[in-house]
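Reader: I would like to learn how to read a few features of a structure. Please show it first.

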Amino acid sequence: MTKNIDLIKLPKKKYEAVKKIALKQAIESAGKKTLDEYNKKFSFLVEYFQRAISNGKAHYYIESKDVTYDCRLGGLTGNWDKTEYGSYKGNTLPYKVKVPDLAGFLGELPSLKELEYFIRTSGSNYFVSYCGNNYVGVIFRDGAQLKRISTYSSFYIYNMGETGGYHNDLFLLFPVHHFHGIDANITANQVVLDLLMHDLPVSETAFANKTQYEIFTKLLESWKLPGITADGDKLGLDIDLLYREALNGKKPFFMNEADYKAIINGTATADEVQLKDLVDNFLNCDYNRACLDPYDNNLLIDPNRGHWDLWDMDDNGSADGGIVKLPKPWVARNPVADINSGIVAIDFGTKSTVVVYKNENSEILPLQVGSGNYAGGIKKENYENPTIVQFLDINSFMKAYNAKAGRPDTSYEDITVSSNAKQNLDVSSSTEYYSFFDELKQWCGGSREKVKIEDKQGNTYDLPAYLDLLDTDIDPIEIYAYYLGLYINNMLQEKHIFMHYIMSFPVNYERNIREKLLRSFAKGLKKSLPTALLSNDEAMKRFKVVEGATEPAAYACTALMEFGFDPVDEEKNYYGVFDFGGGTTDFDFGMLEELADGRYDYKLTHFGENGDRTLGGENLLKLMAFEVFSKNYEKLLRNEKGDKIPFCTAPDSETIVGNEAIIRESREAKQNMHNLVEKLRPVWEAPDSEEATQLLNKASVQVNLFTDKGVQVPNFPLSLEHVDLLEIIHDRIEKGIRNFFISLNQAFQSGGDEVDNLSDVAEISIFMAGNSSKAEVVTEIFNEYIGESEDGTAPKALELFDVASKEEMPHFRLYPPLGTPQADEIKSAALQDDDEDDSDEDDVNNLMRPTGKTGVAYGLLETCAGGSIKVVDQQASARNEVSFQFYIGKNRKKKFVTLMSRGADYDTWVKFIDASDDFDLLYSDKPEAATNKAPVSIAKRYHVVLDKKDAAGYVFIKPCSSTSIVYKVASSESECQQSGSGEDEPRRIDLS
């Protein structure tokens, strides 16, 4: 659906640019005609003065100023009828010769050559005819020296101060004024310009006829008009001056009033130069917004294509600038015609975000959202969007962002995201650290911490916790979603506007967080749509951003289908998901059954979830970096420059005595942590690489660090001698895997009637998900927990289960992350497909099928309306809230003893301790806490000071949200149920 348009209504900012070009060109065009006419008259006068000078007419008296213009001098002399302009007496030093001015022009002394134009300078009585008998000579200038001609009867020249015998005689001062310097060679063109430029009205008698005089008079008056100037040896126009004045409302004297008002008030005709600028503006619109590839020229002229932003030009209320007329029509396209019926799934990740969609043929395909550079061919990095925002000029961005409902004229040079921002972070200085925000998911996931942002202009913003964000606050999530929307909805492909979006969230995200995230993403995605679509109420009924299955459940659906699971009749396929991502690790437990209800093929029952909040690939790197910094404490405290080199803590890092001196939360400390993390990254992400091998074998690593004063210390050597990086990785991952099996046991215990006892389950499939699960060490540790060792030692998981022997323990089958060669091998065997592509996961073909990273997004589409799998969540509470996320307990002989478990009922009070005195409440999110054997150090302590102590009463606790509890002093649980006021009101404790 297209149409041709020849008038473009532009918003003020864009029209101003066009108007300036149009106005300047109009001035130049009209000015050229006027200037040509003036120069014809100018040439006519030049010819006259040329003839006059040739005929000996060299000087012209200016009666109104009482001066004479001399063509040979190229300047002014006095009135020749006056001989008393000034004098100098004697020749003694110093010579403060004061030359009289000429009609306001600075008086100067002539040279000897110039003096000869006016009086004789040789022979007897050479000056008497002019000077009279009162003077014995005339003073003139010879370069930098003053000289005098002094004699009664013969010719003598003396330097001033040189003895000549005339100590008390008078010397004449003959003033002149040079327009072109001493002894200049003057042309007739310069003569006419001098008369005009210096407003020297020669009398009519000086001209041969009246016509010459009238022409001269008109040019003299025109010279007083703004903009007339000299251009070499002819008349010219100061276009820049005329243009500046025209912009300020002053019409050039030669310009047509109607033409001027049309441009100023909002109508301009585009010529070739302007057209090119307009073309560039429209073809580079999304390059300017998000660094997308520029569109090709045919977009504006192909009758079957067309530009979205042109469709509602006439209706665009924000286009308050003006109208530009095109020499040839352009093609506008109705964006409604480009609506794609596909459903888009967004997996908003800690480190990166992936997007896939289901097309009209029910094929699930990835979308390129990693960068805007598609012309370079298909690349893996184009399909992952780093979850990071860089703030360069927030005020400029927000002004443009708020100026338009859809596709505003924002610039990626004001705020940038994704790969551009990530690359900038890697080479940034410490002073720029707060311009980057790379913990978007952690921030919105429940953290109550405020975030400080400082853009590169020096503007600082303190963002509250995500849930406390107001509509008037900057919302980084919305901005990130806006850019993601620009990558999704653009004109690089046909029919590429999507209206239906589905998102996944971690299992521990509370309902209010999920709803706010959906709103933020909806606002940002909607902002990426054309205004012509946003104003179409019928079309916008199709727009929605909805919640889908949880991240691990979505991945489970994908893995079950990809690995060929197909339960029939009463068969149950039990599974566990170990979703090891960049920031956290999620556990999910469930079963797949056949469901023949006509709408779905299968039912996936999710009956357990848990996780390890601090186990993530990025957190492992930070933990390694923290250990390296800690082992170099003395060197960091006393470096060569005399300043401390700070660093910050890492998740799961232990408190080390003395480190407080250089542990900071400053930008320098965070930048130092980032720089070392990037140096150590190969050890985690590419352990077999040469770079990793060198790091593990070398005794030190060199890193660019910053002192606490912000001074960079290049290539600072950090010792690695007493840091076992591989051991750090192994031990932390083993803790996570141990917690996985503890959580699995708990899930089966609380799974309900539909879930079999763990001892009755024959097999459980474990699906490894997330990029971090690709590490070989993860598989090695899992095998230690589920397989027998060579010496016959029982699997480590056995001690964590409620079974009597390893024979009662289910058989566990470990599945590698999708997209890996190992996964392809299993899929090939399951599907009995010898042609399965076992290529490396970086292969282009592998981008078209689910991987450990994209599996969540694929699963979202399998479980949404129209998909093949129905998801049933047994964990959902009656209030549709996330279950309580902590274990609450006490310290018993240095062990953590659980009194209230994760997932505790929101309406049930639990007796915690007697109310005789204040007490410590311990809490942990680690599944290991449920064993009652974990060291007390796994928990955090909250000291409670009772408002009212009661030796006969007890302290009761219960959850009030997924991360908060309330406590109350009462004699019994039934008393807790009674409402109270004042001191009897329950007190709230936030644990996050």
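**Cysteines, a strand and a loop**

Author: The structure holds zero disulfides, a disulfide being a pair of cysteine sulfur atoms within 2.5 Å. In general, a disulfide is a covalent bond between the sulfur atoms of two cysteines. This is a predicted model, in which local features need pLDDT of at least 70 and side-chain atom pairs count only at pLDDT 80 or more, while totals for chains, interfaces and linings use all residues. Residues are numbered from 1 along each chain as its sequence is written, and side-chain values use heavy atoms, with hydrogens and water left out.

Reader: Is cysteine 648 buried or exposed?

Author: Buried means under 20% relative accessible area, exposed means over 50%, and partly exposed lies in between (1.4 Å probe, protein chains only). Cysteine 648 is buried because its relative accessible area is 7%. Cysteine 960, at 24%, is partly exposed.

Reader: Where is aspartate 6 found, and which residues does it touch?

Author: Helices (H or I, at least four residues) and strands (E, at least two) are DSSP runs, numbered from the N terminus. Aspartate 6 lies in strand β1, residues 2-10. Contact means heavy atoms within 4.5 Å. Not counting residues up to four places away in sequence, aspartate 6 touches Val324, Lys325, Leu326 and Pro329. The C-alpha atoms of aspartate 6 and proline 329 are 4.4 Å apart, although 323 residues separate them along the chain. Aspartate 6 is partly exposed, at 38% relative accessibility.

Reader: Where is proline 687 found?

Author: Proline 687 sits in the loop between α20 (667-685) and α21 (690-697). With a relative accessible area of 40%, proline 687 is partly exposed. Leaving aside neighbours within four places in sequence, its contacts are Pro682, Ala692 and Thr693.
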